[in-house]
Amino acid sequence: MPVSSPLPIRVLVKGASLMHDISERPQQREDFIFSRVIEESLLGSGHGADVWTAAVASEPTRLAFRTWEEQVKAWSPDVVILSYGYYEVIHLFLPRWLERHANSLKTRPGRVRELYRTLLVRKVWMALAKLQCRLDAKIGGRFFGRRIRQVEKELHTYIDRTREVGQPLIMLFEFLPPGQRGRGWFPGMTERTAMMNEMLHRLVADYDNPEIMLVRIPEIAERRLPPGTEPNTDGFHYTGALHRYIGEEIADEIRRWAKQYPRLGPKD
């Protein structure tokens with residue numbers, strides 16, 4: 001019986017807009033987000049690669065479970081990359097549904113629609129955002145512990161459930177603090193981000209499993225970007241250069257992990 005060729009490595013990328021957006025506007029054709037860089041790097045080293053970026057803007061951790069059966073149970077990825085917990089540190093009180101509506105990516109042209117969005121939605125959103133900004137400067141990370149504990153519980157459950165499907169490599173993102181523009185609108189976000197990162201470090205340490213690991217984004221940015229370069233120039237999302245470095249380093253980790261599985265090896 002002939003020996004079959006190695007299978008492509010399946011990589012599932014999940015989270016909010018950190019996973020599919022880029023700081024620069026407009027995004028250039030070859031300013032790839034890190035998941036495309038992972039694909040490029042794996043293919044360049046002879047591996048097959050099937051990378052699925054299943055990210056939705058403003059997605060909180062609790063919504064990750066909605067598509068778990070389709071994306072994990074049915075597709076059975078070899079690697080699962082998660083960037084959850086970041087959306088939770090952004091807003092002090094503004095609800096997700098209102099942000100999604102005010103900043104919708106699905107708007108269509110039309111006189112009535114445009115007037116509605118310009119004269120009502122945007123004005124209401126900006127007024128509430130300015131109020132939130134003033135309160136955020138005073139409250140910061142106070143009263144945030146409950147939300148941290150909820151995210152930790154949800155991530156723990158998602159990881160445990162996912163590891164039952166073939167024990168994939170799990171990679172969790174550590175978060176950058178907001179850039180200058182982000183701090184202007186969300187003064188308390190830096191403190192909340194640090195709290196979320198502390199939880200992520202603790203979560204990974206508690207597993208004490210090399211196949212459940214933290215991708216240290218701040219360390220990658222400090223080590224690979226020129227000194228003084230802001231890694232998230234729009235305040236939140238990674239620059240094209242940082243996307244490239246993140247993708248390259250994750251691909252290196254995936255190759256190291258895949259060496260133990262001949263069916264996921266590079267092609268001859």
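Visitor: In this predicted model, at roughly what angle do the axes of helix α1 and helix α9 cross, and how should I read that angle?

Guide: The general idea is that angles under 35 degrees count as roughly parallel, those over 145 as roughly antiparallel and those from 65 to 115 as roughly perpendicular, with the rest called oblique. Here the axes of helix α1 (residues 34–44) and helix α9 (residues 240–258) come within 8 Å and cross at roughly 45 degrees, and α1 and α9 are therefore oblique to each other. The crossing of α1 and α9 is right-handed.

Visitor: Which residues of α1 and α9 make the contact?

Guide: From α1 the contact takes Phe34, Val37, Ile38, Ser41 and Leu42, while α9 brings His243, Arg244, Ile246, Gly247, Glu248, Ile250, Ala251, Ile254 and Arg255. Sorted by class, the contact of α1 with α9 holds eight nonpolar, three polar and three charged residues.

Visitor: How can I check the span of helix α5 against its number of residues?

Guide: The expected span of a helix is 1.5 Å times one less than its number of residues. Helix α5 (residues 145–163) has 19 residues and should therefore span 27 Å, and its end C-alpha atoms are 27 Å apart, which agrees.

Visitor: Which residues of α5 are buried, and what covers them?

Guide: The buried residues of α5 are Ile148, Val151, Glu152, Glu154, Leu155, Tyr158, Ile159, Thr162 and Arg163. The elements covering these buried residues of α5 include the strands β1 (9–15), β3 (79–83), β4 (169–173) and β5 (212–215), together with the helices α2 (68–74) and α7 (189–207).

Visitor: How do α5 and α7 pack, in angle and in distance between their axes?

Guide: α5 and α7 pack at an angle of about 35 degrees, and their axes are 10 Å apart; the crossing of α5 and α7 is right-handed. The contact is made on the α5 side by Gly145, Ile148, Val151, Glu152, Leu155, His156, Ile159 and Asp160, and on the α7 side by Met195, Met196, Met199, Leu200, Arg202, Leu203 and Tyr207. By class, the residues of the contact of α5 with α7 divide into 10 nonpolar, two polar and three charged.

Visitor: Turning to the loops, where is Ala16, and does Ala16 count as buried or exposed?

Guide: Ala16 is in the loop between β1 and α1, and at 11% relative accessibility Ala16 counts as buried. Beyond neighbours within four places in sequence, Ala16 is in contact with Ala55, Val56, Ala57, Ser58, Glu59 and Ser83.

Visitor: And is Arg108 buried or exposed?

Guide: Exposed is the word for a relative accessible area over 50%. Arg108 lies in the loop between α3 (96–102) and α4 (111–139), and with a relative accessible area of 53%, Arg108 is exposed. Arg108 and Ser83 are 25 residues apart in sequence, and their C-alpha atoms are 29 Å apart in space.

Note on methods:
Residues numbered from 1 in each chain as written. Predicted model: local features only at pLDDT ≥ 70, side-chain atom pairs only at ≥ 80, totals over all residues. Heavy atoms only, no water. Axes fitted to C-alpha atoms, helices over the stretch in contact; angles between N-to-C directions. Helix = DSSP H or I, 4+ residues; strand = E, 2+ residues; numbered from the N terminus. Left-handed = near helix turned anticlockwise from the far one by under 90°. Contact = heavy atoms within 4.5 Å. Nonpolar A, V, L, I, M, F, W, Y, C, P; charged D, E, K, R; others polar. Buried < 20%, exposed > 50% of the residue type's maximum accessible area, 1.4 Å probe, protein only.
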